[in-house]
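My notes follow in the order in which I took them.

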Amino acid sequence: MSPASAAGAILLVTFDLLPVESLVIRGERDEQAVLCSKDKTYDMKIADTSNMLLFIPGCKTPEQLLTDQSLCNIFHTQVAGFANNYWELRRCRPKLKKLKKLLSENPYEGPDIGKDRSSVDSKYTTEDLLELIQASEEEILHYLQVINACKIEGYWRILEFDYEVKLVNHITQLIDSESWSFSKIPLNVCLQELGPLEPKEMIEHILLSYGKKYTDEAGEVYFEMNEDKICRTTAQMLLQNAVKFNLSEFQEVWQQSVPEGMTTRLDQLKGLALVDRHSRPQTIFLLKVEDLPEDNQERFNSLFHIWEKWTEADITPYIQDLCAEKQTVGALLTKYARSSMQNGVKVYNSRRPIS
């Protein structure tokens with residue numbers, strides 16, 4: 001939306017959006033409202049103008065008049081309204097943390113849980129999420145893919161973590177027993193073999209979440225499993241019940257716990273776990289980026305509560321999702337942190353006192 005200047009102190013309000021595109025204002029009473037198109041989210045801020053904005057039904061801009069010479073006549077029309085301010089829009093990150101929180105209230109634990117069938121409390125359809133989440137429809141649907149959510153009986157659900165691990169183990173054990181390559185897992189055989197153990201929809205969901213689907217020349221559907229995702233989930237399983245884990249012991253147990261043929265690497269754990277190389281012995285602990293605050297300043301405050309000083313390599317996985325369009329991690333660090341040298345390494349600490 002942009003005010004286009006006319007003669008004198010009068011501004012005509014024109015719209016840059018196509019007529020078929022709709023805009024929705026989203027936000028509950030305790031939230032700052034945002035404006036959403038089909039695929040983007042915008043912060044809304046009232047901006048004052050010393051000029052007067054006139055609202056005229058069917059008003060044509062000079063550009064529109066030039067394309068339609070038949071309209072080049074003078075018409076008398078009525079002003080429907082006026083204003084001295086307008087909404088200024090600025091592209092912002094979608095506010096998706098609430099979505100994960102809502103789905104986490106009632107994770108799917110498997111078909112044998114009786115209460116899951118009987119209750120619709122804490123279950124959400126796409127329409128429910130569009131009412132509750134401050135993000136565009138495309139951003140919401142993309143994030144549902146990112147968190148491996150699936151639709152069960154019309155409701156979006158995330159799997160309870162232990163149940164998800166159980167499903168992954170079923171698949172990897174079948175791969176091992178059949179001596180399949182991790183790059184060629186036949187869908188039909190998987191469903192036939194594991195169908196008696198778990199719902200086929202859940203087996204296929206895990207294959208889609210942890211692998212890449214493709215079809216061979218004969219039309220058979222296969223999956224190529226993602227080594228990094230499987231190793232990452234295994235690490236989370238090992239770390240979730242430990243405050244801290246001796247790093248060398250963890251790496252040994254971790255490698256022993258993943259399927260044979262897969263290789264674990266610490267860079268698979270970016271945004272999931274943090275290595276403390278200053279402790280003796282070195283340790284590792286669970287720190288998931290999705291558990292940190294969405295607000296920029298609150299995120300940095302939270303991180304500087306954990307460690308007073310961070311290297312750029314350590315802090316990047318925990319702040320890169322905060323970057324706006326064309327913004328870099330370096331720009332964020334310049335704004336919210338202060339750099340210094342420590343033993344020849346650049347480190348960052350808070351610009352403000354941390355209580």
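**Helix pair H7 and H8.** I began with H7 and H8, which are oblique to each other, a class that takes the angles left over once those under 35 degrees are called roughly parallel, those over 145 roughly antiparallel and those from 65 to 115 roughly perpendicular. The axes of H7 (residues 187–194) and H8 (residues 200–210) cross at roughly 135° and come within 9 Å. Axes here are lines fitted to C-alpha atoms, for helices over the stretch in contact, with angles from 0 to 180 degrees between N-to-C directions. For contacts (heavy atoms within 4.5 Å), I listed Leu187, Cys190, Leu191 and Leu194 on the H7 side, meeting Lys200, Ile203, Glu204 and Leu207 of H8.

**Ground rules.** The model is predicted, and local features need pLDDT of at least 70, side-chain atom pairs count only at pLDDT 80 or more, and totals for chains, interfaces and linings use all residues. Residues are numbered from 1 along each chain as its sequence is written, and side-chain values use heavy atoms, with hydrogens and water left out.

**Whole chain.** I counted 13 helices and 17 strands in the chain; these are DSSP runs numbered from the N terminus, helices being H or I with at least four residues and strands E with at least two. Of its 355 residues, 38% count as buried, meaning under 20% relative accessible area, with exposed over 50% and partly exposed in between (1.4 Å probe, protein chains only). Of the contacts between residues at least 6 apart in sequence, 59% join residues at least 24 apart.

**Helix pair H2 and H5.** I then looked up H2 (residues 97–104) and H5 (residues 137–146), whose axes are 11 Å apart and pack at an angle of about 55°. That angle makes H2 oblique to H5. H2 passes H5 in a right-handed crossing. At this contact, Leu99, Lys100 and Leu103 of H2 meet Ile140, Tyr143 and Leu144 of H5.

**Rings.** How many aromatic pairs does the structure hold? I found nine. Rings of Phe, Tyr and Trp (its six-membered ring) pair if their centres lie within 6.5 Å; planes under 30 degrees apart are stacked, over 60 edge-to-face and the rest tilted. Trp307 and Trp310 have ring centres 4.8 Å apart and planes at 50°, so this pair is tilted. Trp307 is buried at 14% relative accessibility, and Trp310 is buried at 0%.

Lys184 has its charged end over the ring of Tyr222, 5.0 Å from the centre. Lys123 lies over the face of Tyr155, at 5.9 Å from the ring centre.

**Backbone.** Arg280 and Pro281 are joined by a cis peptide bond, with omega about 0°. Pro281 is in the loop between strands E13 (273–276) and E14 (283–286).

Asn148 has a positive phi, near 60°; its place is the loop between H5 and strand E7 (150–152), and at 21% relative accessibility Asn148 is partly exposed. Ser179 also has a positive phi, near 55°. I placed Ser179 in the loop between helix H6 (161–178) and strand E9 (185–186), where Ser179 is exposed at 65% relative accessibility.

Terms used: Lys NZ or Arg CZ within 6 Å of the ring centre and 35° of its normal. Left-handed = near helix turned anticlockwise from the far one by under 90°.
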